[in-house]
Amino acid sequence: LLVLEDLQWGDAVSVMMVDEALRVCAERPLLVLALGRPEMLERFGDLFGSRAVQHVLLAPLGRRPAERLVRAALGDDVAAARVAALVERAAGNAFFLEELLRAAAEGSDETPETVLAMLGARIGRMEPEARRVLRAASVFGDEFTEAGVEALCGETQGWLDELGAREVLGRRGGGWHFRHSLVREAAYGSLTDEDRALGHRLAGEHLEEIGRASCRERG
């Protein structure tokens, strides 16, 4: 039994060597257990795809178990509104919830640096175009439109759809939204002060133009 933990941080050469070992030992009792976050598949594509692979995807942590964890960590007298806020922010991610609870137990309501660092690292591994789109979208908040993003960074060239397929973004009505507010926070935090100021100026001009167009349509 070969256990590979946190394979999203692995290197391509090691993965190729394990894949070759599985080929050579196809008739031998060799089992590889590869554990990792979803970006593991983004990084390595069809991981061990030509071997006898069984994928097991863990579902998000349910609301009730998450609420029990919050109360176990913060006490049964914690306000229901605070429990709901922490559970909603964690969005079913047990690691996020653990870090949020650790910060809350220390009296802080800020997002722990460990969570933002992990998300920032994930964004940093994306293609430059994907990062550019996410950073532009983050200026508008959790919800935005394609026209708004293009006002900041030009043509999106299908990257919104691609990020939607990766479950980073989602559609809502006629626009888009970040599937997790912490991803938006990490993307926004990766902007330099100059880029942030420029982004808000361009976003303001875009929204102002939409307002003027709406007034003209109403006559």
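The protein chain has 11 helices and 5 strands, where helices (H or I, at least four residues) and strands (E, at least two) are DSSP runs numbered from the N terminus. This is a predicted model, in which local features need pLDDT of at least 70, side-chain atom pairs count only at pLDDT 80 or more, and totals for chains, interfaces and linings use all residues. Residues are numbered from 1 along each chain as its sequence is written, and side-chain values use heavy atoms, with hydrogens and water left out.

Me: Why is H3 called roughly parallel to H5?
Reply: Helix H3 (residues 63–74) and helix H5 (residues 94–105) pack at about 30°, their axes 10 Å apart. Angles under 35 degrees count as roughly parallel, so H3 is roughly parallel to H5.

Me: Which residues of H3 meet H5?
Reply: Ala66, Leu69, Val70, Ala73 and Leu74 in H3 meet Leu97, Leu101, Ala104 and Ala105 in H5; contact means heavy atoms within 4.5 Å.

Me: What makes up this contact of H3 with H5, by class?
Reply: There are 9 nonpolar residues, no polar and no charged ones. Ala, Val, Leu, Ile, Met, Phe, Trp, Tyr, Cys and Pro count as nonpolar, Asp, Glu, Lys and Arg as charged, and the others, Gly among them, as polar.

Me: How many of the residues of the protein chain count as buried?
Reply: Of its 219 residues, 34% do, where buried means under 20% relative accessible area (1.4 Å probe, protein chains only).

Me: What box do the C-alpha atoms fill?
Reply: Along the principal axes, the box is roughly 75 × 50 × 30 Å.

Note on methods
Axes fitted to C-alpha atoms, helices over the stretch in contact; angles between N-to-C directions. Parallel < 35°, antiparallel > 145°, perpendicular 65-115°, else oblique. Buried < 20%, exposed > 50% of the residue type's maximum accessible area, 1.4 Å probe, protein only.
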